[in-house]
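Student: Got a fold to go through with me. Can we take the sheet, then whatever packs on it?

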Amino acid sequence: ISLIKERELILGVANDITGLKLAQEEYQKSEARYRELVNELPIGIYEIDFLQGKVVGVNEPLCQLSGYSREELFNMNPANFLTEESQQKYFHRLEKMLQGEAVPNFMEYQIVKKDAGIRDVRLNANSRRQDGQIVSANVVVEDITEQKQSREEARKSDQRLQDIFDNMKEGYYRAELDGKIVWTNRAAMIIAGYESYRDVMGKNIADDFYQNPEDRESFLADLMTDGTANSEIAIKGKDGSVIVVESNSRLIYDKEGNPAYVDGIFWDVTERIKAEAEIEKTRSYLESIIDSSPSAIICYDENKRITQWNKTTEDLTGLFKSEALGQTLEDILPHYEEFADSFDRALRDKKHLRQEKVRFELNDRIYFFDMMLYPLIDYGAQGVVARIDDVTERMRMEETMIQTEKMMSLGGMSAGMAHEINNPLAGILQTAQNLMRRLDPDMEKHPNVAKTNLELAAKCGIDPEKVK
């Protein structure tokens, strides 16, 4: 209102400010609602004036977080309630920001509360520029202490889990359904011959590890059917070698119940397979030796059940090995009781036992056997090994030889007796023949002898006819 003195008039100008007043009131209400909302947020918010170098605005959650009042925070530089390490990060970031360099909006710091407690926070700053310079910034402060502790606990838990898996002797892996490896342990790398996780992660099991990739398809088919699968497969080592592994695997499902991953534990059985092959080779070799033996070989355990039955035994008894194994001798040899006591004594006394010319009736024939029984004690297992030799033909040959020897002895004795009789008879006959020739010589063949005999007889006064 102005007074116009010359004319003694009052000149007034009236402006309608109803809208302005309403706008101011609405602004004040909006400001109050904003501040109320800001104070009700679960995160701290403050505004910093870089020209003054202090906080010019703060909400209640920040006061609660830091333990300082609004008045105390207004007179503080935000760097004052950061830890020493966080201050260095803060000033380094601030320097880069003031120099116009791009800096991340989010940063993690540690603040020191008024009561000296330490809290982990995440800051998100939105700056305001004037004439190309940063003059202020609104900063959101989020308390991430529990979150960080949870992350740390999760990290420690993951590390403990990784340590447990790395200390396992068995290999472990997790793979996606398409075969991509997402997790493995150290044992798995050692088995496959790798040194670093980077060499394994992301590789495809079927393409990079299976010796026969088509085996992966049959493995997945079993896995999808039962949810688990046990298999023995050949894999490729880093150096190209073939490694045989045995594995137990199972499906891992997502929240919707759909198959998501394959978890598997496997171990190297290459040496075991080689050992089993060598054992089988040795077993076959020993079986061949036993089957090539001309003696029948029967083994049975402490329960008197047959565990070995060689080819000669098959030929002798007419029973195949498959028919005899697991049976008792009583079941398959009807006259076993004739030498059962010998088997029992060998098993009971743990001593070798020999029997010769054991008579045994088998398949309606009479046989004679020589038996050697050996007690078998190995790693707690007990039994008897019987070596049986068929001596039936030998017995017959021996009987024939005995009969022959008897006849030869009788013939020799007869010849001796004849010889003993012939010797004196020869002397007698010779003397008789000599007397005959002397006393009655043939006048025609021996005229001189006859003449001499007659002359001698005449001298002795003997009549030759009387002597004759």
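Tutor: Terms to begin with. Two strands pair if DSSP finds at least two bridges between them. Strands are DSSP runs of E with at least two residues, helices are runs of H or I with at least four, and both are numbered from the N terminus. This is a predicted model: local features need pLDDT of at least 70, side-chain atom pairs count only at pLDDT 80 or more, and totals for chains, interfaces and linings use all residues. Residues are numbered from 1 along each chain as its sequence is written, and side-chain values use heavy atoms, with hydrogens and water left out.

Student: Which residue stands opposite Glu-108?

Tutor: Arg-122, in β6. Seven bridges join β5 to β6 (residues 118-130), and the two run antiparallel.

Student: What's the strand order in the open sheet?

Tutor: β4-β3-β7-β6-β5, with antiparallel pairing. β4 (54-58) and β5 (106-112) are at the edges with a single partner strand each, so one side of each has no neighbour in the sheet.

Student: How about β3: how many of its residues are buried?

Tutor: Five of six. Buried means under 20% relative accessible area, exposed over 50%, partly exposed in between, using a 1.4 Å probe and protein chains only. β3 pairs with β7 over six bridges, antiparallel; Glu-47 faces Asn-138 there.
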